[in-house]
Amino acid sequence: LPHEQVFSIQVGDTFFRLSGASLSSDAPSYFTQFFKSQRHSNFKEYPVLYIDRSPEVFRDIVRHLQGYYVVPKDAYHFVYLYADALYYQLPKLIKLLFNSEIFVRIGSCQFNIPRELLAKPGDSPNFFTLGFSSFFASPQEVFPGTRGLIRPPAIAPPSVPAHSNDLFAQLLQALKGTPIKFESPEHRDALLRECRYYHFRGLEQRLIPFAISKNLLTGREEITIRLKDFKPQGASIEKSDTERRRMEYKRPFVDDEARELVVQVEKNELTLRAQDVIA
């Protein structure tokens with residue numbers, strides 16, 4: 001479009017006038033295609049483009065077209081911006097929003113999660129990256145099966161209403177590197193359950209209780225973990241020329257070297273029969 005030309009767009013009940021330079025800054029789009037199609041018409045001026053969408057959301061889109069960085073305020077604002085970016089076919093804004101923070105509601109609180117925070121070894125893919133990659137995979141897949149509809153269906157921001165926002169806030173701080181102060185063994189176990197739900201496998205291994213000590217008889221380091229925290233992928237049998245071989249273990253995604261394994265078995269995890277005790 002001619003950069004010096006002014007184009008008129010009415011969104012809902014609000015009238016906007018944008019330069020060709022602004023409309024061309026994120027193109028090809030719904031706007032550029034419409035006005036280019038009118039270039040060889042019999043009108044002396046370009047006609048007004050009328051769009052039956054939200055003028056409040058469009059104000060932020062205008063800021064984007066004028067070169068300002070648009071930051072979603074919350075989960076609903078993100079969804080509205082993303083839906084209209086798709087509606088107006090704005091490739092740069094779609095990419096910007098797709099790579100922005102993840103906006104999600106956990107329990108009664110809203111969280112803005114930087115994507116790089118969820119990219120650590122063992123913590124990706126996870127509940128959020130998998131959910132967003134399937135929901136916001138591409139413009140063609142966000143609203144599948146809606147070709148021919150007047151407008152896309154309404155979508156709600158992602159939420160996890162049945163889980164604790166307090167526990168998730170602690171997990172988020174731990175992902176940022178802040179140590180968690182465990183109030184009790186039950187508190188730790190609750191956090192570990194949340195790690196498993198959100199598929200934070202690396203963080204789970206950093207939070208499990210363990211102890212590293214040196215065996216004075218063998219002179220080797222040992223790692224002690226609970227039986228329920230044992231992961232088969234972390235276990236290996238040491239290479240030895242003797243018949244007696246020891247099992248070694250390193251916490252997946254956390255430890256660089258394996259240590260001799262000592263398993264802590266709780267009383268409710270082991271049942272002894274009378275003949276076992278007599279034997």
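Predicted model: local features only at pLDDT ≥ 70, side-chain atom pairs only at ≥ 80, totals over all residues.
Two packed helices are described by the angle between their axes and the distance between the axes. Helix 4, spanning residues 75-87, packs against helix 5, residues 91-98, at an angle of about 150°, and the two axes lie 9 Å apart. Angles over 145 degrees count as roughly antiparallel, and helix 4 and helix 5 are therefore roughly antiparallel to each other. The crossing of helix 4 with helix 5 is left-handed. Helix 4 contributes F78, L81, Y82, A85 and L86 to the contact, while helix 5 contributes L93, I94, L97 and F98. By class, these residues comprise nine nonpolar, no polar and no charged.

Helix 8 (residues 165-175) and helix 9 (residues 185-198) cross at roughly 80°, their axes coming within 10 Å; helix 8 is thus roughly perpendicular to helix 9. Here L167, F168, Q170 and L171 of helix 8 meet H187, A190, L191, E194, C195 and Y198 of helix 9. This contact holds seven nonpolar, two polar and one charged residues.

The structure contains 25 aromatic pairs. In one of them, the ring centres of F128 and Y198 are 5.4 Å apart and the planes stand at 20°, so the pair is stacked. Because F128 belongs to helix 6 (residues 127-135) and Y198 to helix 9, the pair ties together parts that are 70 residues apart in sequence. F128 is buried at 2% relative accessibility, and Y198 is buried at 0%. Y198 also pairs with Y197: the centres are 5.1 Å apart and the planes at 85°, so this pair is edge-to-face. Y197 is partly exposed, at 37% relative accessibility. One aromatic cluster comprises F111, F127, F128, F168, Y197, Y198 and F200.

Notes
Residues numbered from 1 in each chain as written. Heavy atoms only, no water. Axes fitted to C-alpha atoms, helices over the stretch in contact; angles between N-to-C directions. Helix = DSSP H or I, 4+ residues; strand = E, 2+ residues; numbered from the N terminus. Parallel < 35°, antiparallel > 145°, perpendicular 65-115°, else oblique. Left-handed = near helix turned anticlockwise from the far one by under 90°. Contact = heavy atoms within 4.5 Å. Nonpolar A, V, L, I, M, F, W, Y, C, P; charged D, E, K, R; others polar. Phe/Tyr/Trp six-rings, centres within 6.5 Å; stacked < 30°, edge-to-face > 60°. Buried < 20%, exposed > 50% of the residue type's maximum accessible area, 1.4 Å probe, protein only.
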